[in-house]
There are 2 protein chains.
Amino acid sequence: MKKIIFSIALACIVMGSLFAQPTEAIRIRKYVQDNEKTWLKEYLNFIRIPNLASDKISIQQNATFIMEMMKKSGIQQVQLLEVDKPEVPPAIYGEVNVPGATQTIVFYAHYDGQPVDSAQWLPGWHPFKPLLIDSAPNRRFSVIANYESYATINPNWRITGRGSADDKAGIFSIILAYESLRQLGIAPTVNLRFFFEGEEEAGSTHLAEILTRHASLLKSDGWIICDGPEHPSGRPVVYLGVRGDAGMELTVYGSNRPLHSGHYGNWAPNPAFLLSRLLASMKDDDGNVLIKGFYDQVTPLTEAEKKVVESVPMIDSELQKIYGFKRPESPNRSLAASLLLPSLNINGIQSAATGKLASNIIPSIATATLDLRLVAGVDYQKQQQLIENHIREQGYFVTGSAPTEEERARYDKIIQVKRKSGYNAQRTPLQHPFAQKVIKALNSASELPLVISPSMGGSLPLFIFEQYANALPITVPVANFDNNQHAENENMRIGNLWSGISKMAGLMRMTP
Amino acid sequence: MKKIIFSIALACIVMGSLFAQPTEAIRIRKYVQDNEKTWLKEYLNFIRIPNLASDKISIQQNATFIMEMMKKSGIQQVQLLEVDKPEVPPAIYGEVNVPGATQTIVFYAHYDGQPVDSAQWLPGWHPFKPLLIDSAPNRRFSVIANYESYATINPNWRITGRGSADDKAGIFSIILAYESLRQLGIAPTVNLRFFFEGEEEAGSTHLAEILTRHASLLKSDGWIICDGPEHPSGRPVVYLGVRGDAGMELTVYGSNRPLHSGHYGNWAPNPAFLLSRLLASMKDDDGNVLIKGFYDQVTPLTEAEKKVVESVPMIDSELQKIYGFKRPESPNRSLAASLLLPSLNINGIQSAATGKLASNIIPSIATATLDLRLVAGVDYQKQQQLIENHIREQGYFVTGSAPTEEERARYDKIIQVKRKSGYNAQRTPLQHPFAQKVIKALNSASELPLVISPSMGGSLPLFIFEQYANALPITVPVANFDNNQHAENENMRIGNLWSGISKMAGLMRMTP
């Protein structure tokens with residue numbers, strides 16, 4: 001498994017050496033290397049601050065930390081961009097104006113993180129007590145107790161912790177990219193705007209409001225979205241679009257209290273069986289979603305986009321080895337092709353308890369959390385409605401809250417459907433001048449050849465930038481692909497943090 | 001809802017009055033009433049001792065409490081019956097020999113309880129901090145803060161706590177039944193043996209060994225098993241048999257770590273979908289188990305047993321109202337008929353998390369805990385094998401542990417199947433003299449007419465008594481049917497505790 005990754009990496013390095021690396025990129029990388037211990041220490045302190053969007057005190061601590069760092073780097077007009085609701089995490093803004101520059105580019109990242117269940121992390125690990133480890137957490141690894149005693153920091157070491165990859169790495173790379181240029185006396189070619197969001201993982205519910213309210217500060221020619229993982233081949237990647245995302249939560253009801261499985265089984269209804277049958281009706285064994293109309297709204301790719309998709313490195317079988325499965329959910333479609341379709345996924349199921357906490361009961365409820373990924377052309381609310389239609393066709397009474405006694409007496413099958421807020425996909429055209437400039441700058445800044453993808457599999461609310469900031473976004477990730485983003489044992493490869501700084505600096509020097 | 005229960009109860013009382021109540025039964029009930037406050041206090045102290053079978057220290061505290069109570073009541077030869085493994089909860093033994101008695105009857109109950117998840121209990125409640133409440137916990141209730149200030153204890157009040165109904169109520173009723181007879185100067189008609197088990201909820205794994213090892217102490221003409229709930233009609237019940245029980249745990253595997261649902265959905269396999277499809281294949285929407293051969297081994301009822309089943313009060317629609325559902329899992333079969341068939345039930349499902357802890361991931365595993373109830377004629381190991389055969393027919397590689405890297409690379413679908421220990425059903429023939437004597441004694445001791453059932457829906461390892469103690473068991477429950485046994489908010493109606501004492505005393509006075 002290691003061999004395959006090494007040989008891909010090696011091939012890429014050989015190909016990479018064909019690209020002439022400009023002196024400027026080499027100077028930036030040297031500067032990053034000279035500062036690695038100082039910056040590593042600072043980054044560990046950054047990860048120590050919890051960052052759930054609803055945890056107001058921690059969110060403030062993150063904002064203070066980031067603003068201090070921006071000011072120290074010489075970024076100007078550092079301030080919070082807020083809405084009128086005190087519970088909404090603020091965005092953080094800063095700017096750098098370059099004499100004579102005609103273009104303005106906004107650099108975006110987010111500082112909030114996914115919810116965490118500490119108990120799921122490896123023994124001795126904690127989401128907000130970062131460790132340095134010398135390999136990926138699913139392989140054999142050692143903890144590096146005292147990195148300061150090493151002559152150099154190994155780029156293959158990793159920093160663990162919630163937000164280490166998603167997306168404090170983006171914030172860190174962007175600020176230190178400007179810091180590096182400034183210390184080296186290299187002026188950006190474009191005016192810079194910095195915009196760090198604080199509720200991305202909570203659905204970016206107030207992003208549009210913030211953009212509208214602070215429109216004059218944020219007028220720009222394009223947004224660089226620094227988030228998500230590099231391509232699994234290990235090569236740098238640019239994503240011209242993202243999938244949209246919408247959640248739903250389904251709760252099926254049985255009796256109004258758990259019942260003894262001996263005295264009432266199989267007579268009392270079992271919501272775990274009901275939910276299993278309902279979910280089984282939604283997707284076949286080849287990964288095709290069976291909901292009526294689920295794929296009908298999809299916008300087809302252009303010919304140029306199709307060519308770019310075909311040139312994405314095919315790494316499916318390597319990934320299957322790394323992730324330890326033989327049969328993909330959609331065995332007749334490649335990963336790249338799967339990501340250009342809308343998806344229906346179960347994030348979690350819960351009904352009573354399993355393992356040592358299991359009791360001999362018939363559970364009273366069973367819940368499944370679903371997420372839907374959307375592609376260009378697909379409206380998330382229509383998609384949620386299609387699922388609800390399907391549920392009704394299975395004979396369910398659908399309610400928005402726990403059923404009343406009357407509803408329980410009246411309906412054979414009862415389900416509570418919660419539609420969570422979501423957003424649609426976004427795609428910046430490959431031939432747009434901004435896309436072409438970004439591709440050129442990244443090719444200069446990176447050591448390995450760039451992968452170009454019409455859409456990331458993951459989601460960001462990028463439609464909002466088109467709609468409310470009147471500018472096109474393009475996504476440039478920095479995190480290693482195997483960062484366990486959104487799950488336990490999240491980690492950031494240190495080499496990716498350093499190359500991320502170089503890439504962001506390269507973008508600040510794009511052809512204007 | 002209340003009205004229906006009341007009218008059933010009223011009808012029963014009217015019918016009950018047709019039975020002449022012997023003076024002795026009335027004297028016993030009077031004695032119980034005179035002691036209710038003292039005994040209630042003692043019972044609350046009993047419930048305060050945690051009683052998970054694996055919690056060695058608490059198990060010892062329970063044993064000490066019970067032995068003290070037995071000695072105080074004049075029971076002789078009080079001792080622990082142990083096996084050679086110190087981690088196995090001991091059974092507690094005692095005896096009373098009656099001059100001239102020719103028959104010997106063992107009274108059985110268990111003092112261990114089901115595992116508890118305190119977080120699931122009502123706010124302010126705790127499994128081992130019992131409360132007195134004035135109604136069932138699912139209705140409007142108040143907490144009785146100081147029962148000693150009341151003139152009498154209301155029999156409709158309830159005691160909350162794990163074990164309050166299942167099955168410390170059994171132990172308490174048996175000991176105090178003998179205590180009452182002794183204080184009233186009424187001699188038992190049969191020699192008495194007391195046997196209180198400490199690992200029933202953990203599967204009675206060492207019961208056979210204890211019975212074999214202490215066979216000479218336990219030689220008898222029959223066992224009275226005091227466990228389970230009264231009939232839902234509110235009438236006392238005798239169960240001539242019990243269903244067997246066996247558990248299984250199924251864990252379906254996807255990738256070797258959780259994956260981001262955007263970057264890998266729907267390409268990476270989702271074990272929650274796989275498990276849903278597997279479970280859905282096991283049972284149809286009318287509650288029929290679809291596992292090949294699942295019903296083939298069932299022994300049919302005799303004509304006499306069929307008649308008894310037909311006379312069981314039909315309370316299905318009342319129960320549906322109380323438990324808040326319209327459609328039973330098996331809409332074409334009554335509750336009484338359902339309980340005379342083997343069952344397949346899901347106790348719980350778990351895959352990653354739902355609700356606020358849900359993340360946008362593809363889970364790496366999905367687990368379901370199943371329980372199988374067995375009826376006369378059905379072997380539990382054969383039944384487990386049928387389920388495993390079915391799983392293989394769905395294309396799964398079945399393993400007994402987490403899959404190796406090689407297995408992951410080799411098989412399309414992987415499942416871990418854990419077969420838990422279990423036991424078969426038991427049934428004492430209706431026409432057996434012991435059954436007839438028990439029925440007669442209970443008819444004399446009870447105020448309401450007796451329900452006779454060939455088999456309880458719940459399970460007890462009663463086959464063991466036939467096999468290892470060479471005597472037939474008959475089950476006489478004391479707990480209210482709505483006691484939330486095995487689930488959160490377990491509770492015991494106080495009136496049932498008092499009538500339980502009377503019933504056990506009546507059995508100690510059965511026709512020899």
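In the predicted model, the contact between helices H2 and H16 of chain A involves Ala25(A), Ile28(A), Arg29(A) and Val32(A) on the H2(A) side. Their counterparts in H16(A) are Trp498(A), Ile501(A), Ser502(A), Ala505(A) and Gly506(A). Sorted by class, the residues of this contact comprise 6 nonpolar, 2 polar and 1 charged. Two packed helices are described by the angle between their axes and by the distance between those axes. Here H2(A) spans residues 23-34 and H16(A) spans residues 494-508. Their axes come within 10 Å and cross at roughly 140 degrees. The two helices are therefore oblique to each other, since angles over 145 degrees would be needed to count as roughly antiparallel. The crossing of H2(A) and H16(A) is right-handed.

In chain B, helix H16 (residues 494-508) lies across strands S5 and S20 of that chain. The helix runs at about 65 degrees to S20(B). Both strands belong to an open sheet of 3 strands in chain B, with the order S4-S5-S20 and antiparallel pairing. The edges of this sheet are formed by S4 (132-133) and S20 (491-493) of chain B, each of which pairs on one side only. Strand S5 of chain B, residues 158-160, is joined to S20(B) by 3 bridges in the antiparallel sense. Within this pairing, Thr160(B) stands opposite Asn491(B).

Between the chains, 85 residues of chain A are in contact with 85 residues of chain B. On the side of chain A that touches chain B, strand S11 (residues 343-352) gives the most, with 10 residues. By class, the residues of that side of chain A divide into 31 nonpolar, 35 polar and 19 charged. Strand pairing also links the two chains: S11(A) and S11(B), the latter likewise covering residues 343-352, pair in the antiparallel sense over 5 bridges. In this pairing, Ser351(A) has Ile349(B) as its bridge partner.

Two copies of a chain are related by a rotation about an axis and a shift along it. The same surface serves both copies, as 100% of the contact residues of chain A recur in chain B.

Technical notes
Residues numbered from 1 in each chain as written. Chains lettered and ligands numbered in written order. Predicted model: local features only at pLDDT ≥ 70, side-chain atom pairs only at ≥ 80, totals over all residues. Axes fitted to C-alpha atoms, helices over the stretch in contact; angles between N-to-C directions. Helix = DSSP H or I, 4+ residues; strand = E, 2+ residues; numbered from the N terminus. Parallel < 35°, antiparallel > 145°, perpendicular 65-115°, else oblique. Left-handed = near helix turned anticlockwise from the far one by under 90°. Contact = placed C-beta atoms within 7 Å. Nonpolar A, V, L, I, M, F, W, Y, C, P; charged D, E, K, R; others polar. Pairing = 2+ DSSP bridges.
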